[in-house]
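Student: I have a structure to read. Can you take me through the terms as we go?

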Amino acid sequence: MDIIFSLILAIFCVYCFFLVGAESPASTPTELGAAFWPRIILVLMIILLVVNIVNSLKAQKENKSSLLGEMNLGGFFKSKLFVGMILVAVMALFMSVIGFMPDCLLFLIAYGFLLGERRIPLLVIRSLAITAVLYVIFQGALDIMLARGVGPFREFALFFEMLLPF
Amino acid sequence: MKKKLLALTMAAAMAVTALAGCGNSGSSGGSADNGEWKWERKVEIICPWGTGGGADTTVRTFATALEKELGVSVVVNNKSGAGGVTGVEFACSQPADGYTYLMCTPSPMLAQISGATDYDVYGKINPLCQMVHDCNIFVTGASSPYNNYQELTDYIAANPGKVKCGVMTITGLDAACVEAGFGGTVEPVAYTEGSQLNADVIGGHVDLACVGPAEVSAMIASGDMKVILSCTEERLSLAGMENVECAKEVGLDCFFGPSRGIFYTEGTPEAAIKAFEAAAEKAIASDDFQNWAKQEGLDQRQGWMNMADFKAAWDADYKDLTELFGK
Amino acid sequence: MFSTLFTGLKIVFTPSTFLLITAGTILGVIFGAMPGVSASMAVALALPFAYAMNPVIAIAFLVAVYCASITGGGITAILFRIPGTPSSAPTTFDGYPMAQRGEAGKALGFSLVASAVGGLIAAFAMALISPQLSAVALKFGPSELFAVSFLGLSVLSCLDSGNIVKTLISGLLGLLLACVGMDPMLGIARFTWGNSTLLSGIEMIPVMIGLFAVTEVLKQTVKQKKIDGAEESESNGKMKTVLPSFVELWETKITMLRASILGTVVGILPGAGATIASFLSYAIEKKVSKHPEKLGTGIPDGIVASEAANNAATGGSMVPLLSLGIPGGNAAAIMMTALVIKGVQIGPMLIKTQPEYLASVFGSMLLTNIVMVIVAMGVAKVFAKILAVPYSVLGPVIVMLAAIGAYALNNNTGDVVLMAGAGIIGYMFVKLGYNSAALVLGLVLGQMCESNFRRAYTLTNGSLVQIFTKPITAVIMTACVIMLLYPFVKPFIAKKKEA
């Protein structure tokens, strides 16, 4: 697994090395140019990644383990961990679309369920309360303009903003 | 138990109000009865720079004064990033319902002209009015061998390639002043922190800096910094700068300075723009705003500009800056 | 000199001022503990109150909020692994493991006492030798600042002795991420692929919060299977606030002193600040500690190194503001504008003509740093109660708080996506044996390192010799080289000794 990761990263570094050269103009006698610093980093990284791959290969020969190690890919996709990751990603991606409040509420319910809470009514009520508290503290008291979402969600958020006494 | 009860009631209340909210939200659009605009909910001004900077304090002072004119609250929403482009983009993504405005300066437009961003800043936002027009000055450390513009040019001629000028953005108005004022004889050097630039000037690590007068007034008063030239049409009347030559006197054409104004996006109702402009004029003229501008040294140039004048100035800036930086 | 101390104490012990400073401290600790409310935002939020005050009191009040908010950041860092302010990120390295072992009270105690000591040392330095300190600060130009940031990076080679190669790769990856966005000198877009969110660069706060807080929640999600829910909450709720004894505190005296002095100095440097101070301090602690392998597993020294340094840096950042008129950071800049509105221009002239301002700042710092310990303990107790709730509630809430924290930085949902990405990729990254602390270190120091090097290069007309022969630069760089090579040379030295 580590070998695959290192390999992908190394290939990506090589790509970046050429990309950054194409993006920025050549350096002048008094200015190093935008590509100079990233290129130093990239070269060092590629060298170290190759060292890492060699190290891992050596270790693997000694242990005679497979390329993927003990990681079970099929099991991973069914695991709680994977679902958790998906939930976090979906929460982040949808925040700008559906706005903070619905997003927060749905995430709290879904993740709470994932963590083993099976009493649905309790879970929903608790999530509603937490969403309300977070909203009042951050949007109200701290004056942070939380994401509103688009379309009907925006109207919904605007309505709540008018309710706040602050 | 008590807590749970409270939470329950709150949740129930929220659900009810939410339903009610969805019901009537459709009808509460803009109400433009006989051409008059009526402000119904809070107005939002997007500031593409972070809390505490010059842009932010200007728009917050303006918002406080504007609130009194509009009768509804005016909130400032800071959306910083990418030299202001992020905020401009966000403002353009919002519905043009007459309740969302943008505070902007020529910097994001410059990012477009210099090719740093592909976003069409100039095409997407429209000038509504100008609030203040700041200027730039050239300063140097107390120990540098030149005291005025003439001595500086002599020094540059005697030491070609030696003099560098610190600026905050290499594609910004300050760098435009360096370019227009000195041509290729002084190389601009970008700084990411204003504090570091000022310290480097006093410490003698960089020869010149192009900055706003308010940021350095304390250092000028204490004698740690000397002013070489102001990039203005007339001499400044600020303390310690009365005797400094201005660009026009020495025959330079480098009058760029941050002009901070309010912009609207395409599709904003005509009536709302008119109402906003009228209220903004009163807000800018208010004692509170004017006193603040005086204290910040922002009274050196005419601040208020109505839509027509500001549009003309904005277009002229676009033309000049494209000539200087365009590719 | 002593008149400053005396006037300062006289100002802050007026009953009304005393109350205001206490209120400011409470406000600051709470704001600081909220993820997403940075120290400068806390000061900005306190501005409306300050406008109503007399300027001498106003500055005392704002200073109280500022100092206290940096301390407040440590509370959530220890309890939830969410650094409330970015300068508390290194506090999570040792603070969170301690809290996990049920020693949250102890960890908080060390954090608060260290904060207070750091703040007090910096306050005295500011009041007594401010002009001398600022003269030193002015000697630090771009090349010297490059050397300072490089010093921070040189610790990478010994951050994790178990796997040097992977730690170095992690650090370099952090440096590479710091390159994304507009390049600091020419404004050219790098690694953005035309994306406007990437154009503003990879912000360190979302990455930090994602790597530390979200990764932790994901980890707990997996653990949940094995550990019964009830058992989990019991071990977590055990926060009986067992305070560290005086003897235990005394044992960290050297670390505390070292971190305080380092923090003060770094705070004074324009272009550095509390975050860089705490990271540098932690890094140096790792270098000079007698048992470096224990740092990161949950020992008080790590907490002390981080918290003493970031609070000392707040005191340090007041030095250039008062003696030169240069605000050392965003929070100081906001204080300056607040006073301008009141018709007062902070700077050396003000200190000469109206010394009560310096006295007021000093008095407020003294008082705040003492009152803070009590206030923060109270706030921490309230926050610790949250730990007792079952993880099925706490876990999702931590993720939401992290999301708000990332969002509030620029009010940008792009940063929330960045945070989620950092959390998810970070989980696998750590699983594969890479080091997230090294990555964050690279990200924090990357831009400072690059921009100052290039700035120095331009200012010397491209002469590397001129850059590295400046006395301060040369000394620091030599130290860097020794530090970098030490872990590689150490085995050889040991062998020789044996032979």
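Student: How many residues of chain C are in contact with chain A, and what makes a contact?
Tutor: 54 residues of chain C are in contact with 50 residues of chain A. Two residues are in contact if their C-beta atoms, placed from the backbone, lie within 7 Å. The model is predicted: local features need pLDDT of at least 70 and side-chain atom pairs pLDDT 80 or more, while totals for chains, interfaces and linings use all residues. Residues are numbered from 1 along each chain as written, with chains lettered from A and ligands numbered from 1 in written order.

Student: Which helix gives the largest share of the side of chain C that touches chain A?
Tutor: α19(C), with twelve residues. Helices (H or I, at least four residues) and strands (E, at least two) are DSSP runs, numbered from the N terminus.

Student: Why is α4(C) called roughly antiparallel to α15(C)?
Tutor: Helix α4 (residues 55-80) and helix α15 (residues 300-324) of chain C pack at about 160°, with axes 9 Å apart. Axes are lines fitted to C-alpha atoms, for helices over the stretch in contact, and angles run from 0 to 180 degrees between N-to-C directions. Under 35 degrees is roughly parallel, over 145 roughly antiparallel, 65 to 115 roughly perpendicular, the rest oblique. Therefore α4(C) is roughly antiparallel to α15(C).

Student: What makes β2 and β4 of chain B edge strands?
Tutor: The open sheet runs β2-β1-β3-β10-β4 (chain B), with mixed pairing. Strands pair if DSSP finds at least two bridges between them. β2 (74-78) and β4 (125-133) of chain B each have a single partner strand, so one side of each lacks a neighbour in the sheet.

Student: How do you know that β1(B) and β3(B) pair?
Tutor: They have three bridges, in the parallel sense.
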